[in-house]
Structures are given as C-alpha cells and as structure tokens.
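Subject: Structure handover and findings

Hello,

Please read the notes with the model open.

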Amino acid sequence: HMKPLFMALMILSTCLFTPGCAGADEEIFCEDSTTLTQYEVYECEFVGGIFGYSELSIEMTSTGDSPVHIFTFNSDQYDNWALCEDFEINDSFSEEFSTGASMEGEIDYDDFYVVFDHPNSCDEEDASTPVVEFSFKVVAS
C-alpha cells in the first residue's frame with residue numbers, strides 16, 4: 001500500500017546564475033516544531049542543481065513519548081520510500097526510532113530528501129500509536 005501522505009513539503013532551491021549568489025556560500029534551512037500522527041510525514045527537499053551541497057547538519061529533539069524515524073536519501077529513492085518498499089538511505093544521516101539526534105558531515109547528493117517519519121507509517125492498520133512530537137533543524141550548505 002502507499003503511505004497516505006499528509007505532508008508539509010518545502011521546495012528549496014538554490015539561485016542559479018544570480019550575481020553574488022554562489023551555491024558554496026549558501027545555507028538552506030528547513031526547521032519546525034511539529035507533531036506527526038501515524039499517517040503523516042514531514043519532508044525537507046533539497047535541490048542542489050549544478051552547485052549541489054557538500055555539508056549537511058540535522059538536529060532533532062523529541063518532545064513526546066514516541067520516537068521518530070529520520071531518513072536521508074537521494075531523490076531517486078523517493079518513490080520506493082513513499083510506497084513503503086525497500087529504499088537506500090544515507091546511513092550517516094538516518095536513524096530509526098530516534099528520540100534525539102545530532103548529525104553533521106559531508107553529503108554528496110545533488111538532490112535529496114530528509115524526512116521525519118512516524119515509526120508506524122507503513123502499518124496496514126491503525127496501530128493506535130502515540131503522536132510523535134519533535135522539533136528539528138536541517139541545514140544544507
């Protein structure tokens with residue numbers, strides 16, 4: 001089955017060919033304090049274009065009783081993830097059942113997603129799971 005996605009989607013793009021604006025000097029932020037039910041997800045989409053990104057930082061703090069999955073993957077893995085099929089994650093920037101995370105390092109994807117996913121989002125039936133409460137800040141530069 002497919003995840004019924006109720007998402008806040010942020011399309012973040014770098015500026016191309018704008019004087020005084022180079023990808024290397026630019027930081028793109030994606031941050032919020034939010035809650036997820038079983039069938040919700042929060043996505044941060046990063047589109048690097050010709051500049052790409054070299055550094056990624058993810059800070060996440062859980063404020064509730066339920067953990068959250070943090071997955072970072074190349075954009076070509078998006079459909080597999082959304083359909084609850086096997087997908088490849090970036091291990092350095094992903095953590096299952098996370099109750100708090102601080103990840104920082106180099107990333108070599110041009111276009112990628114960082115998603116915050118409810119642990120039961122792919123379950124067929126309502127798992128009567130708690131709402132996931134968390135805050136996060138993702139920075140790509």
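Strands, as named below, are DSSP runs of E with at least two residues, helices are DSSP runs of H or I with at least four residues, and both are numbered from the N terminus. This is a predicted model, in which local features need pLDDT of at least 70 and side-chain atom pairs count only at pLDDT 80 or more, while totals for chains, interfaces and linings use all residues. Residues are numbered from 1 along each chain as its sequence is written, and side-chain values use heavy atoms, with hydrogens and water left out.

Overall make-up

The chain has 141 residues, and 43% of them count as buried. For burial, the cut-offs are under 20% relative accessible area for buried, over 50% for exposed, and partly exposed in between, with a 1.4 Å probe and protein chains only.

A contact means heavy atoms within 4.5 Å. Among contacts between residues at least 6 apart in sequence, 80% join residues at least 24 apart.

The sheet

Two strands are said to pair if DSSP finds at least two bridges between them. Strands of a sheet pair through backbone hydrogen bonds, either parallel or antiparallel. Here, four strands form an open sheet in the order S2-S9-S4-S7, with antiparallel pairing. Its edge strands are S2 (28–36) and S7 (100–106), each of which pairs on one side only. From one strand to the next, the twist averages 10 degrees; the axes behind such angles are lines fitted to C-alpha atoms (for helices over the stretch in contact), and angles run from 0 to 180 degrees between N-to-C directions.

S4 and S7 run antiparallel and are joined by seven bridges. As one example, serine 57 has glutamate 104 in S7 as its bridge partner.

Disulfides

A disulfide is a covalent bond between the sulfur atoms of two cysteines. The cut-off used here is a pair of cysteine sulfur atoms within 2.5 Å. Searching the whole structure gives two disulfides.

One is formed by cysteine 30 and cysteine 44, with sulfur atoms 2.0 Å apart. This pair links distant parts of the chain, with cysteine 30 in strand S2 and cysteine 44 in strand S3, 14 residues apart. The torsion about the S-S bond of cysteine 30 and cysteine 44 is about -75 degrees, so this disulfide is left-handed. Cysteine 30 counts as buried because its relative accessibility is 0%, and cysteine 44 is buried with a relative accessible area of 0%.

Cysteine 84 and cysteine 122 form a disulfide with their sulfur atoms 2.1 Å apart. Cysteine 84 sits in the loop between H1 and S6, and cysteine 122 in the loop between S8 and S9, so that the pair links distant parts of the chain, 38 residues apart. The torsion about the S-S bond of cysteine 84 and cysteine 122 is about -90 degrees, so this disulfide is left-handed. Cysteine 84 is partly exposed, at a relative accessible area of 26%, and cysteine 122 counts as partly exposed at 31% relative accessibility.

Backbone angles

Most residues other than glycine have a negative phi, and most peptide bonds are trans. Cysteine 84 has a positive phi, near 60 degrees. Phenylalanine 97 has a positive phi as well, near 50 degrees. Phenylalanine 97 is found in strand S6 and is exposed, with a relative accessible area of 53%.

Two buried loop residues

Serine 121 is in the loop between strand S8 (111–117) and strand S9 (132–140). Serine 121 is buried, with a relative accessible area of 5%. The side chains of serine 121 and aspartate 117 are joined by a polar contact of 2.8 Å. A polar contact is a pair of N or O atoms within 3.5 Å; within protein, one must be able to donate a hydrogen and the other to accept it, and residues adjacent in sequence count only if both atoms are side-chain atoms.

Tyrosine 53 lies in the loop between strand S3 (40–47) and strand S4 (55–62), and is buried at a relative accessible area of 6%. The C-alpha atoms of tyrosine 53 and phenylalanine 112 are separated by 9.7 Å, with the two residues 59 apart along the chain.

Regards
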